[in-house]
Amino acid sequence: MSSKTTSTNNIAQARRTVQQLRLEASIERIKVSKASADLMSYCEEHARSDPLLIGIPTSENPFKDKKTCTIL
Amino acid sequence: MATDGLHESETLAALRSEAEGLKGKLEEERAKLHDVELHQVAERVEALGQFVMKTRRTLKGHGNKVLCMDWCRDKRRIVSSSQDGKVIVWDSFTTNKEHAVTMPCTWVMACAYAPSGCAIACGGLDNKCSVYPLTFDKNENMAAKKRSVAMHTNYLSACSFTNSDMQILTASGDGTCALWDVESGQLLQSFHGHGADVLCLDLAPSETGNTFVSGGCDKKAMVWDMRSGQCVQAFETHESDINSVRYYPSGDAFASGSDDATCRLYDLRADREVAIYSKESIIFGASSVDFSLSGRLLFAGYNDYTINVWDVLKGARASILFGHENRVSTLRVSPDGTAFCSGSWDHTLRVWA
């Protein structure tokens, strides 16, 4: 009895795997050259507003200390 | 009966060979579109300049390993959780602790800030995800208002609010992810497919729709449709556990960090891995990754105590940051991109800019 349930489960599992793979195999894909070009253009478009990339003035960065240390 | 058994094993064998055939077809289809490498296309992009990134704040107060952290949308507050069972909310500008709560369990592996900034969620070895409203009333006991939202059958490894305070997405050692209604605690959708513990998740940027990506101990990264519960894409190129996944800011790709000492970039529209960030000298696992605002830089925290900064397009390391005295376990860039915060097994968090 239990071995039949196990094999039914195995079949159900295998069917799910096949269905999932069919879904994944059928999606629309684009070429890596096009995908890369799009990633690059996104970077270029947003580079100017990326503080960690280009650096922003100390006065505008709350984490950078504004005052200089003077030794008294 | 005997003949039934034979029939069933034939069906099983047939299904398994169909699965193998489909996997082969999937690889073929992906390979057809692999006309060039990302770093080749990126040769014409300007090289990065020199980076001066230093620790600007050190947050001390946890009594044991820091396991997770998250930024508040106000770009200033941070929530962090630790092996010692404590969850702390900090003001990263002043390093003051604003709230602290002690969880009933140790190893609080996940924590998240609500979009409104008025609540936090956390969980770990208690197998739950609980939400605590944040109150500034000194007389109120934060723990008293705790609301248990998610229930898994193994540890909670990651959690994230969706676009509102009303829904939470969780990932668990029980191999599933789940979407919950915060108010009622009701399970809205569950996501089955990982073959082992799920260690991380990240929601797609809101403009790109209702999907999220998860990574697990089965070495797979899976992209899910939140409404149907269906896995729409899966990637299996890592050679060990995937500890961290993060979407590229445009939503068209995501990065992963793994115990195999590499970080990788997967493009969703090309449906394949498009870059590997690795060096022979890097032999310890990457625990946590995040992108800078433009997506040009990938910050990755490693088990060898360092943070490597990668040029996402060219595939080369731009910088290496030292400072932590034990594994870096968690890393997030602030919402406005002015800084990033790292948490470590050395009990501290550092804010870098």
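Okay, let's start with a hairpin: in chain B, E6(B) and E7(B) form one with five residues between them, and in its turn B:Gly117 has a positive phi of about 85 degrees. Before I go on, keep in mind that this is a predicted model.

Strand E6, residues 110-113 of chain B, runs antiparallel to E7(B), and four bridges join the two. One pairing to look for is B:Tyr113, whose bridge partner in E7(B) is B:Ile120.

Now move to the other side of the pairing. E7(B) also pairs with strand E8, residues 128-133 of chain B, again in the antiparallel sense and over four bridges. Here B:Ala121 stands opposite B:Val131 in E8(B). That hairpin has four residues between the strands, and B:Asn127 takes a positive phi near 65 degrees.

How many of the five residues of E7(B) are buried? Five of the five, so strand E7, residues 119-123, is largely enclosed by the rest of the structure. In a regular strand the side chains alternate between the two faces of the sheet. In E7(B), B:Ala119, B:Ala121 and B:Gly123 point one way, B:Ile120 and B:Cys122 point the other way, and all are buried.

While we're on positive phi, there are two spots in chain B to show you. B:Lys75 is not a glycine, yet its phi is positive at about 65 degrees. You'll find B:Lys75 in the loop between strand E2 (66-71) and strand E3 (77-82), and at 36% relative accessibility it counts as partly exposed. B:Thr95 has a positive phi near 65 degrees, and it isn't a glycine either. B:Thr95 sits in the loop between strand E4 (86-91) and strand E5 (96-102) of chain B and is partly exposed, with a relative accessible area of 28%.

On to the core. The largest nonpolar core has 29 residues, and those touching the most other members are B:Tyr248, B:Cys263, B:Leu265, B:Tyr277, B:Leu298 and B:Leu313. Two or more residues come from each of helix H2 (32-46) of chain A and, in chain B, strands E19 (253-258), E20 (263-267), E21 (272-277), E22 (286-291) and E23 (297-302). Which element gives the most to this core? That's H2(A), with six residues.

Let's zoom in on two of those core residues. B:Leu265 is in strand E20 of chain B and is buried, with a relative accessible area of 0%. Leaving out residues up to four places away in sequence, what B:Leu265 touches includes A:Leu39, B:Leu38, B:Phe254, B:Tyr277 and B:Val312. With sequence neighbours within four places left aside, B:Tyr248 has contacts including A:Leu39, A:Tyr42, A:Cys43, B:Phe254 and B:Val312.

Back to that chain A helix, then. Seen down the helix axis, the buried residues of H2(A) fall within an arc of 155 degrees, so they line one face of the helix. Those buried residues are A:Val32, A:Ala35, A:Ser36, A:Leu39, A:Met40, A:Tyr42 and A:Cys43, and they pack against helix H2 (38-41), E19, E20 and E21 of chain B.

Last item, the annotation. In the model, residues 149-190 are 0% helix and 60% strand, with the end C-alpha atoms 14 Å apart. For residues 235-276, we get 0% helix and 55% strand, with the ends 13 Å apart, C-alpha to C-alpha.

Notes:
Residues are numbered from 1 along each chain as its sequence is written. Chains are lettered from A and ligands numbered from 1 in the order in which they are written. This is a predicted model: local features need pLDDT of at least 70, side-chain atom pairs count only at pLDDT 80 or more; totals for chains, interfaces and linings use all residues. Side-chain values use heavy atoms; hydrogens and water are left out. A nonpolar core is a set of buried Ala, Val, Leu, Ile, Met, Phe, Trp, Tyr and Cys residues joined through side-chain atoms within 4.5 Å. Buried means under 20% relative accessible area, exposed over 50%, partly exposed in between (1.4 Å probe, protein chains only). Contact means heavy atoms within 4.5 Å. The arc is that of the directions from the helix axis to the C-beta atoms. Two strands pair if DSSP finds at least two bridges between them.
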